[in-house]
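I opened this notebook page to record what I looked up, entry by entry, in one structure.

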Amino acid sequence: MEILVVNPNTTASMTEKIRIAASAVASAGTRITAVNPAAGPPSIEGYYDDALAVPGVLEEIRRGESRGVAGHVLACFDDTGLDAARTLARAPVVGIGEAAFHVASLVAGRFSVITTLGRAIPAIEGNLIRYGLATRCGRVRAAEVPVLALEEEDGEARGRIEAEIEAAKREDRAEAIVLGCAGMADLAEALSKRHALPVIDGVAAAVTLVESLVRLNLATSKLGGYASPIAKSWTGATGRPGGPES
Ligand code: 5HY
């Protein structure tokens, strides 16, 4: 099976880090294709960037659907464009935020999330409520590191994340940690060993969940909210994002 992993921002080094994390957990026989849109924000930090990234995400989903991929992963912790992508796609679509929350709730009674900047917290809290998992999350914390600082090797970002992990264990009674950014995907294993608790990376969690859905022969329901888009002619030059006209 081929799984398309879409990094909604346009930073190629982050897409490569995501591809490596996804490939590391993919089963034999699963081919990971990691892409990012050609146009859009280089990093997604808050509602505005998130909204601007959606057309590019839908274009990549449409391309994947047209070549018959088995499933899709949205590799931004805000689950950028998740509902629109599920509307467009027949194959299952899993966001790394939703995947990480579900996996964390399978291994711990209570988890905390550690994301990048404070401005990212409200969207994550909103998703936890929408997914019905807010009561399992002690707190969404920010390490106050910009997304692209995670691309630097200086380790300062990692130090700030580690301080938040210890604070979460002490103050939130966290029994597991969810890493709140795809750019942290390469840190999960080492942090889990070092801090002696499950540390969940959403990229890995989402890939294994898509594989499970495909193996269960489950695809996105086309009844109700995720029914395929209604064909309509769009106003304006570029046509509908992810639509046949574009
Ligand atoms: C992410 N931003 O996973 C989110 C994390 C965040 O560009 N990739 C991004 O800070 O919301």
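Before the strand entries I note that two strands count as a pair if DSSP finds at least two bridges between them. I also note that the model is a predicted one.

Entry 1, strand pairing. I began with strand β7, residues 176-180, and looked up its partners. Strand β5, residues 111-115, is joined to β7 by five bridges, and the two run parallel. Three bridges join β7 to strand β8, residues 199-201, and this pair also runs parallel. I then followed Ile177 of β7 to both sides: Ser112 stands opposite Ile177, while in β8 the bridge partner of Ile177 is Val199.

Are the residues of β7 buried or exposed? I found that five of the five residues in β7 are buried, so I take buried here as under 20% relative accessible area. In a regular strand the side chains alternate between the two faces of the sheet. In β7, Ala176, Val178 and Gly180 point one way and Ile177 and Leu179 the other way, and all of them are buried.

I next looked up Ala206, which has its place in helix α8, residues 202-215. Ala206 counts as buried because its relative accessibility is 0%. Which residues does Ala206 contact, leaving aside its neighbours within four places in sequence? I listed Val73, Val94, Gly95, Ile96 and Ala99 as its contacts. I also recorded that the C-alpha atoms of Ala206 and Ala100 are separated by 7.2 Å, although these residues are 106 residues apart along the chain.

Rolling a probe the size of a water molecule over the atoms shows where empty space is left. The largest pocket has a volume of about 280 Å³. It is lined by 13 residues, and Val25, Ala188, Glu189, Asp201 and Ala204 are the ones nearest its centre. The elements that each give two or more residues to the lining of this largest pocket are α1 (12-25), α7, β8 and α8. By class, I noted 10 nonpolar, no polar and three charged residues in that lining.

The second largest pocket has a volume of about 240 Å³. Of the 16 residues that line it, Arg86, Val93, Val94, Glu98 and Leu213 are the closest to its centre. Here β4 (93-95), α4 (96-107) and α8 are the elements giving two or more residues to the lining. The lining of the second largest pocket has 10 nonpolar, four polar and two charged residues.

I found one cavity of 30 Å³ or more, and the largest cavity has a volume of about 130 Å³. Its lining has 17 residues, of which Ile44, Cys76, Phe77, Val147 and Cys181 lie nearest its centre.

Glu144 is not a glycine, yet it has a positive phi of about 55°, and I located it in the loop between β6 (137-142) and α6 (156-171). Glu144 counts as partly exposed because its relative accessibility is 41%. Ala196, likewise a residue other than glycine, has a positive phi near 55°, and lies in the loop between α7 and β8.

Note on methods:
Residues are numbered from 1 along each chain as its sequence is written. This is a predicted model: local features need pLDDT of at least 70, side-chain atom pairs count only at pLDDT 80 or more; totals for chains, interfaces and linings use all residues. Side-chain values use heavy atoms; hydrogens and water are left out. Buried means under 20% relative accessible area, exposed over 50%, partly exposed in between (1.4 Å probe, protein chains only). Helices (H or I, at least four residues) and strands (E, at least two) are DSSP runs, numbered from the N terminus. Contact means heavy atoms within 4.5 Å. On a 1 Å grid over the protein atoms alone, a cavity is a set of points where a 1.4 Å probe fits but cannot get out, and a pocket is an open set with protein on both sides within 12 Å along at least five of seven lines; lining residues have an atom within 4 Å of a point. Grid points are joined across faces, edges and corners, and a volume is the space filled by probe spheres set on the points. Ala, Val, Leu, Ile, Met, Phe, Trp, Tyr, Cys and Pro count as nonpolar, Asp, Glu, Lys and Arg as charged, and the others, Gly among them, as polar.
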